[in-house]
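I'd like a close look at one part of a protein, told in plain words.

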Amino acid sequence: MFVVKSPDLRPPENESSERLLADEEGILWTEDDDSDVWISATTIFLQISALAIVFVVGALLGFFWRADLDGLCGRHVSQYSPIVNDMDVKYNIVSSTGSLLRESIFRQDASPEVDAAWDSLGVNYRGIRVPAEDAEESGLAVDQVRIKDKYGGGFPAEVEGFRRLRCLNVLRQSLYYNYSYYHSRGEGVFGNNSYIVRRQVSYCLDIIRQQLMCTVDTGVVGQIWIYPENPEPYVDFETHHKCKNFEDIRQWVEKSQLPEKPPWDFLVHPGPGDRIYKEMP
């Protein structure tokens, strides 16, 4: 019996193995290439998206911060105050004139008109009420002087800026060419004996020194030429400063003053554990 064998169509063993390996490698290489492209595209997309989000968030934060730079600055350089809860603190460019030839009423000799001008600045304003919830952040201790709850509670306090102005006014009144005028009237500080007046004046001088050093102005004052016939340098008093909106703050303090004649039981009497100093600190 004869068996007719079909021709062997399979390639030689070595050729078959090489071709199979090449086919598999080709398939694997194609799949890896597509996967790498997809991963790279996804990574790039995520990176771009993250950068876009960071940019948008930064732009928004920058916009809002820039919109309230005055408020941020005011809070950063000053002790916290309830004033900032009720009004915006703004900084404006203000021109100042310090020329010796321009006579401001605030530089004139003592008179009722001059006193009225200084009074208009708030130098004689009474204190304000600091709500109990703002006391600690405002630097007030729980055992400091308090107002009874039936009169609104909180803590009586003075606004620092107006306390400084009051001190400046005392210095003005004590100048050698004003002293006799105010001493003869016996009002305010000058209702005390000479020793107390001297102590008050020296205290005010030191308080203003501290304030000027604390908020030292780093602006510069240049010089100008005067007298065309024989030029000589002279201080340029026409300078510019960034100043807080004083008039708005003054109006707030004026409206927020404590009663001129508070009831006899207006304040809470000190209790056990409250600090009571043996003498003036």
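Q: By class, how many nonpolar, polar and charged residues are in the lining of the largest cavity?

A: The lining of the largest cavity has 5 nonpolar, 1 polar and 4 charged residues (Ala, Val, Leu, Ile, Met, Phe, Trp, Tyr, Cys and Pro count as nonpolar, Asp, Glu, Lys and Arg as charged, the others, Gly among them, as polar). Keep in mind that this is a predicted model, where local features need pLDDT of at least 70 and side-chain atom pairs pLDDT 80 or more, while totals for chains, interfaces and linings use all residues. Residues are numbered from 1 along each chain as its sequence is written, and side-chain values use heavy atoms, leaving out hydrogens and water.

Searching the whole structure turns up 1 cavity of 30 Å³ or more (on a 1 Å grid over the protein atoms alone, points where a 1.4 Å probe fits but cannot get out; lining residues have an atom within 4 Å of a point). The largest cavity has a volume of about 60 Å³ (the space filled by probe spheres on points joined across faces, edges and corners). Who surrounds it? Around the largest cavity you'll find Tyr125, Arg126, Gly127 and Ile128, then Glu158, Val159, Phe162, Arg163 and Arg166, and finally Val253. Helix H6 is the top contributor to this lining, with 3 residues (helices, H or I, of at least four residues and strands, E, of at least two are DSSP runs numbered from the N terminus).

So let's follow H6. Helix H6 spans residues 160–173 and packs with helix H8, residues 194–214, at an angle of about 130°, their axes 9 Å apart (axes are lines fitted to C-alpha atoms over the stretch in contact, with angles from 0 to 180 degrees between N-to-C directions). H6 and H8 are therefore oblique to each other (under 35 degrees is roughly parallel, over 145 roughly antiparallel, 65 to 115 roughly perpendicular, the rest oblique). On the H6 side, the contact (heavy atoms within 4.5 Å) uses Arg163, Arg164, Cys167, Leu168, Val170 and Leu171. H8 answers with Gln200, Val201, Tyr203, Cys204, Leu205, Ile207, Ile208 and Gln211. By class, these contact residues are 10 nonpolar, 2 polar and 2 charged. Notice Arg163: it lines the largest cavity and also takes part in the contact with H8.

H6 has another partner too. The axes of H6 and helix H4 (residues 112–119) come within 11 Å and cross at roughly 165°, which makes H4 roughly antiparallel to H6. Val114, Asp115 and Trp118 of H4 meet Leu165, Leu168, Asn169 and Arg172 of H6. That contact splits into 4 nonpolar, 1 polar and 2 charged residues. Leu168 turns up here as well as in the contact with H8.

Now step over to H8, which gives the most to the lining of the second largest pocket, with 6 residues (a pocket is an open set of points with protein on both sides within 12 Å along at least five of seven lines). About 910 Å³ of space lies in that pocket. Its lining counts 26 residues, with Gln144, Val145, Tyr277, Met280 and Pro281 nearest the centre. Strand E3 (155–157) and H8 are the elements that give two or more residues to this lining. By class, the second largest pocket is lined by 15 nonpolar, 6 polar and 5 charged residues.

One last stop is Asp274, in the segment after helix H9 (246–255). Leaving aside residues up to four places away in sequence, Asp274 touches Asp143 and Arg146. Asp274 and Ala141 are 133 residues apart in sequence, yet 10.0 Å apart in space, C-alpha to C-alpha.
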